Amino acid sequence: REYKLRERVFLTSFNPYPLLAARRLFPELDCGLIAFKGGKGSLQRSLAGRLISRRMIVPFHSDLTEKYMRSQKRKNRKVVTWTVNTGERIRSLVEWRIDGIITDKPDLAVNELRTI
């Protein structure tokens with residue numbers, strides 16, 4: 001709050017409890033439960049949207065489709081995904097208007113973003 005970083009900071013975790021505590025302290029911050037991939041992740045995304053944050057989700061990148069991205073944008077949700085380590089996938093996610101990408105290869109991501 002002191003540094004007015006609301007638009008630049010968000011919190012994520014695999015554990016919902018710290019996110020719930022953070023939301024009580026800082027309701028203005030976006031929080032996202034990092035969802036596991038597959039069916040378990042689908043359930044997590046559903047519950048997280050109701051309990052933790054209606055403004056942000058953090059699914060595994062292979063669970064994202066263009067149709068799913070459009071549905072989240074209609075709900076005014078930010079979508080940040082993890083762990084994206086190929087240029088092709090980074091490009092497709094950017095085309096779909098992803099809000100953030102978590103990667104193990106930041107140099108690759110920066111190079112891909114420069115070409116878009």
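In strand E2 (residues 30-33), which residues point one way and which point the other way, and are they buried or exposed?

Modeller: Bear in mind that this is a predicted model. Start with E2 itself. Asp30 and Gly32 point one way from the strand. Cys31 and Leu33 point the other way. All of these residues are buried, on either side of E2.

Now find the partner of E2. Strand E1, residues 10-13, pairs with E2 in the parallel sense, over four bridges. Phe10 stands opposite Asp30 in E2. To get from E1 to E2, the chain passes through helix H1, residues 16-25. This β-α-β crossover is right-handed.

Another sheet has three strands, in the order E3-E4-E5. This sheet is open, and its pairing is parallel. Strands E3 (56-57) and E5 (100-101) are the edge strands, so named because each pairs on one side only. Strand E4 covers residues 78-81 and pairs with E5 over two bridges. Val80 in this pairing stands opposite Gly100 in E5.

Look at Val79 too. Leaving aside neighbours within four places in sequence, Val79 contacts Ile57, Pro59, Leu64, Met69, Gln72, Ile98, Asp99 and Gly100. Val79 also belongs to the largest nonpolar core, which has 10 residues in all. Other members include Ile57, Leu64, Met69 and Ile98. Trp96 and Ala109 are in this core as well. As a general point, nonpolar side chains tend to be buried together in soluble globular proteins.

Met69 takes us to helix H3 (66-74). Met69, Ser71, Gln72 and Lys73 are buried in H3. E3 and E4 are among the elements that cover these buried residues. After H3 comes Asn76, with a positive phi near 60 degrees.

Last stop: the loop between E3 and H3, where His61 is found. His61 counts as buried because its relative accessibility is 17%, and the cut-off for buried is under 20%. What does His61 touch, not counting residues up to four places away in sequence? The list is Thr81, Trp82, Thr83, Val84, Arg89 and Leu93. Two of these, Val84 and Leu93, are also members of the largest nonpolar core.

Definitions and conventions. Residues are numbered from 1 along each chain as its sequence is written. This is a predicted model: local features need pLDDT of at least 70, side-chain atom pairs count only at pLDDT 80 or more; totals for chains, interfaces and linings use all residues. Side-chain values use heavy atoms; hydrogens and water are left out. Two strands pair if DSSP finds at least two bridges between them. Buried means under 20% relative accessible area, exposed over 50%, partly exposed in between (1.4 Å probe, protein chains only). Contact means heavy atoms within 4.5 Å. A nonpolar core is a set of buried Ala, Val, Leu, Ile, Met, Phe, Trp, Tyr and Cys residues joined through side-chain atoms within 4.5 Å. A crossover is right-handed if, with the strands pointing away from the viewer, the path from the first strand over the helix to the second runs clockwise.
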